[in-house]
Amino acid sequence: MTHDHSMHHGHGEDEGGDSCCHHDMHAKPAGPDTAPDSTYDHIPPGYAGTVWTCPMHPQVRETSNTGCPICGMALEPETATPEEDTSELDDMTRRFWLGVVLSVPLLVIAMGEMVPGVTLPGFMKTPAFNWVQAALATPVVAWCGWPFFVRGWRSIVNRSPNMFTLIALGTGVAYAYSLAATAAPGLFPETLRGHDGRVPVYFESAAVITTLVLLGQVLELRARRATSGAIRALLQLTPPTARIVREDGREEDIALEAVKAGDRLRVRPGESVPVDGEILEGRSTLDESMVTGEPVPVDKTAGDSVTGGTVNQTGGFVMKATHVGDETLLARIVKMVAEAQRSRAPIQGLADTVSGWFVPAVVLVAIVTFAIWLLAGPEPRFAHALVNAVAVLIIACPCALGLATPMSIMVATGKGAQAGVLIRNADALETMEKVDTLVVDKTGTLTEGHPELSVVEPVDGFSEADLLRLAAGVETGSEHPLAAAIVRGAEARGIKPGSATGFQSTTGEGAEAEVDGQRVAVGNAKLMGRLGAFDETLASKADAFRAKGQTVMFVAVDGSPAGLIGVADQIKATTQEAINRLHAEGLRIVMLTGDNETTARAVAETLGIDEVHADVSPGDKKDVVAKLQAGGAVVAMAGDGINDAPALALADVGIAMGTGTDVAMESAGVTLVKGDLMGAAKARKLSHATMRNIRQNLFFAFVYNSLGVPVAAGILYPFFGLLLSPMIAAAAMSLSSVSVITNALRLRTLKL
């Protein structure tokens, strides 16, 4: 879950709306591999309150929401909460509506004459009426636009130019010039006056630009809230209270925070499971789709584990709490998603570098534009120079550029979490697209991970039931997983294991015991040879079963061969489809297993796996990954256990299978909650779609800025007589940011 703080908070609700975030060269990418920049971390040791951070610059950490010193955005809490903080959106909305109320009459006064058939009364054209325009514009620029000036000033103080630098400069220049022209028109030479001898004023431009930028902020904040919707949906899954069963049998509802590990809790039909735990009594069907992304309800009975936030459907049960608070799977998922959303993808370095040089370059272009129009433009020269320079400053805001990557990452990590694919950081999401080789562990990844009885083959004189009763009698005393599979298989077929005495096991051979008065041995060919019960016919049958991926044990009764029993670790139902999907994506699948070569080859042939390494020790797994990488492969490794952790860490992308309760989750870039390979196919599809979305956003933002600036500077004027009004520039700038976010939100509709 990459990112803590969930971006939520409105999602970014940045302080001011922000968004724009345009990051710049001062921003060091703080990914998992880079040390955080301590110059922006102002959290004292031992601080226990809310930590505020910037979604675009995770190295910024403050004790209060003072705004990001790098990009000007509002900060948001590092730790997610189900309630949304809409203070930023509410503030921007209030400022926007006041701006609308005052800017509309201002626009009518200034531009009314340009509308065919409209003639304004004569008094509106007198210089004294400029004071009315000033009275309408001043609250808009000074109060509605105040956050932009604060951020613009901070960007200069911090030597971190951003979009607010340009907005504050553009509106500030237009307003200050107009105020001077109204208060002291006599200071202006003839060359600056219009055809009617008056000094033109641009109060309407300053006010309307401020209002349009506020509209962009409001739309953007609303859209950004949607990017964090997935994380808030996860947070709202846990109920606020839990029903505790006291020692004396009394039951009462207590706050979720008061639940401790070891408490007994009752969960009734239709309720959400409050915390992670284990069922003590009762049985039920649970909807676990919020964690696994799988819609099929799962049957649970005493001894089974349950996950906080899943929904109990049919029966009621009493459970013991095992993980509470931040330890629950859901809390860890939310934390991981939030951290992922705040992490920076390598592709973002491109946008950051461009943004860092972009703002100073734009200011330079605006100055050059002003100079050229002043020296060579048509009359009134100063007016044209000022208007075009302001248009350049406004349209060039690199806001869309800064938002392009983070917005897509936020939506994608939330989307992945809902489908049971947890992305640890943006780097893993970006690398996943380039992967060409997937290394998978067989047991627990391709297969169910627990062996089941599959074949019972008695010799003449024994029935299947007899053979199984005797063998299960011996194996009742054994701890081995294969023994447990035989006992479970017998019970599933309604056969009660015989009662055994004198149990003894021989490592590397098998086990023997006296069952219902007969001496029974269950083991391999070596044990049978020692007992004189080896049979060639059974041995060749055993080879045939092994070739189908089964583990075979021989059974002897009173020193004579009685038959054989085959146990197989069943291939998961979804494995074949997942491998087909991954092959269709062009991936090469390599299987690693500690199993013998024959069994491993059988599974590989069934599934169409490209390469097999059998009899591999945990230490060798890492070497296989290293060897593939040395050959130029970009490797993803999927594994589920502590023994896979070194290989997961070494792979370009580590994929942890299962609920991630172990070291695997810590060393992997992607965790598949459900623990089957279909999740790897989903992760691959998600990374493709996300990177394509980011490239579209970056292309759009780059092209927009590269075309917008020359048009605003007046490059089309000599050919077509076209100029771009600063107000149109402001509308276009706001729309560019909103369009980038809207494009990122399309990822929510992706079918994984």
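Strand 8, covering residues 284–287, runs antiparallel to strand 11, and two bridges hold the pair together. One of the residues to look for here is Asp287, whose bridge partner in strand 11 is Val311. Keep in mind that what you're looking at is a predicted model.

## Two helices packed together

Next, find helix 18 (residues 575–584) and helix 23 (residues 678–713). Their axes are 8 Å apart and meet at an angle of about 30°. Because angles under 35 degrees count as roughly parallel, helix 18 is roughly parallel to helix 23. The crossing of helix 18 past helix 23 is left-handed.

So who's touching whom? On the helix 18 side, the contact uses Glu577, Ala578, Arg581 and Leu582, while helix 23 brings Met678, Ala680, Ala681, Lys682 and Lys685. Sorted by class, that contact has five nonpolar and four charged residues, with no polar ones.

## Rings that pair up

The model has nine aromatic pairs. Take Phe148 and Phe164: their ring centres are 5.9 Å apart and their planes are at 25°, so this pair is stacked. The two residues are 16 apart in the chain, with Phe148 in helix 3 (residues 146–157) and Phe164 in helix 4 (residues 163–183), so the pair links distant parts of the chain.

Key. Residues are numbered from 1 along each chain as its sequence is written. This is a predicted model: local features need pLDDT of at least 70, side-chain atom pairs count only at pLDDT 80 or more; totals for chains, interfaces and linings use all residues. Side-chain values use heavy atoms; hydrogens and water are left out. Two strands pair if DSSP finds at least two bridges between them. Helices (H or I, at least four residues) and strands (E, at least two) are DSSP runs, numbered from the N terminus. Axes are lines fitted to C-alpha atoms, for helices over the stretch in contact, and angles run from 0 to 180 degrees between N-to-C directions. Angles under 35 degrees count as roughly parallel, over 145 as roughly antiparallel, 65 to 115 as roughly perpendicular and the rest as oblique. A crossing is left-handed if the near helix is turned anticlockwise from the far one by less than a right angle, and right-handed if clockwise. Contact means heavy atoms within 4.5 Å. Ala, Val, Leu, Ile, Met, Phe, Trp, Tyr, Cys and Pro count as nonpolar, Asp, Glu, Lys and Arg as charged, and the others, Gly among them, as polar. Rings of Phe, Tyr and Trp (its six-membered ring) pair if their centres lie within 6.5 Å; planes under 30 degrees apart count as stacked, over 60 as edge-to-face and the rest as tilted.
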